[in-house]
Amino acid sequence: MTLPSLTPLGEANESGGEISLSRGFTELAERAVACVPGSCAAAVTLTDAAGGPLSESPEGPAAAVTHPDVSELVAVQWESEEGPVPAALESGEPVLVSDVLHETRWPHYRAMSLQRGLRACATLPYRHDGAVLTISVYSFRPGTLAGVVQEHGAELAGLAAGVLGRDRRYRDALVEVEQLNSALRSRPVVDQACGIVMGRENCSAKEAFGLLRTLSQRTNRKLADLAEAIVRNRGRGVDEQLARLRRPR
């Protein structure tokens, strides 16, 4: 697994586009603590179904915590690939530790948790549209989180659904922005290619663009790539193809 980028409560990412999403995670972590009696801290992670980042971002999976000590506790789980969060991601089921003192499955997690005085924890995973969001709550007292799934699972699920929906919209917006940026970057070279086609075929700009678009579809090449090749070769090599497109059927 990849070490996630942990955002302590109230800290926004430097990238302006991610501030609202990070704020959503931190708000979710804070509300999780507020709605679960006996909890003292919370952590939220967002990954793909395999526990990895949802994109190629070098920062890794998104996450937020309510206290710096908890960020280290979550980080050791990714480093050692053991603990309640990896277990919940693997099983798809809530993972409850009533007393960390008696937990033997995850020695690295157990040691760090006890060092911070945390004796109980519960991790609840929520899957949606290829993403998995986990909410982990922690307590200083053993046995205090035994009923968190039955008593607060529905409320936490509602909070998680809101963040997952926001993340879906955020990622869709990123895709749309990238498509628009790509179109803007390719526009100058497409215009140049249209000019070359206009000169060679003695046609209008509209007809030239139509020829390029048709040739792009028939050769299964992106319009921008085709235009770049025409400009680079100054139109050589496409005369016959263009003439064939204009030839009456």
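This is a short walk through the structure, from its overall make-up to a few local details.

The model is predicted, so local features need pLDDT of at least 70 and side-chain atom pairs count only at pLDDT 80 or more, while totals for chains, interfaces and linings use all residues. Residues are numbered from 1 along each chain as its sequence is written, and side-chain values use heavy atoms, with hydrogens and water left out.

Start with the elements. The protein has eight helices and six strands. Helices (H or I, at least four residues) and strands (E, at least two) are DSSP runs, numbered from the N terminus. From that end the order is β-α-β-β-α-α-β-α-β-β-α-α-α-α.

Next comes the surface. The accessible surface is about 13300 Å², and carbon and sulfur atoms hold 50% of it. Accessible areas come from the Shrake-Rupley method with a 1.4 Å probe; for residues, only the protein chains shown count as cover. Of the 249 residues, 42% are buried. Buried means under 20% relative accessible area, exposed over 50%, and partly exposed in between (1.4 Å probe, protein chains only).

Now the contacts. A contact means heavy atoms within 4.5 Å. Among contacts with a separation of 6 or more, 62% join residues 24 or more positions apart.

Gly-92 follows helix 3, with a positive phi near 75 degrees.

Two helix pairs come next. Two packed helices are described by the angle between their axes and the distance between the axes. Axes are lines fitted to C-alpha atoms, for helices over the stretch in contact, and angles run from 0 to 180 degrees between N-to-C directions. Angles under 35 degrees count as roughly parallel, over 145 as roughly antiparallel, 65 to 115 as roughly perpendicular and the rest as oblique.

Helix 2 and helix 4 pack at about 165 degrees, with axes 9 Å apart. The pair is therefore roughly antiparallel. Helix 2 brings Glu-72, Leu-73, Val-76, Gln-77 and Ser-80 to the contact, and helix 4 brings His-108, Tyr-109, Met-112 and Ser-113.

The axes of helix 6 and helix 7 (residues 223–232) come within 9 Å and cross at roughly 115 degrees. That makes helix 6 roughly perpendicular to helix 7. On helix 6 the contact uses Phe-209, Leu-212, Arg-213, Leu-215 and Ser-216; on helix 7 it uses Leu-223, Leu-226 and Ile-230.

Turn to the loops. Most residues other than glycine have a negative phi, and most peptide bonds are trans. Glu-81 is not a glycine, yet its phi is positive, about 55 degrees. At 52% relative accessibility, Glu-81 is exposed. Asn-202 is not a glycine either, and has a positive phi of about 50 degrees. Asn-202 lies in the loop between helix 5 (148–201) and helix 6 (205–218). It is exposed, at 70% relative accessibility.

Last, the cysteines. A disulfide is a pair of cysteine sulfur atoms within 2.5 Å. By this rule the count is zero. Cys-194 is in no disulfide; the nearest cysteine sulfur, that of Cys-203, is 8.5 Å away. Cys-194 is buried, at 8% relative accessibility. Cys-121 is buried too, with a relative accessible area of 1%.
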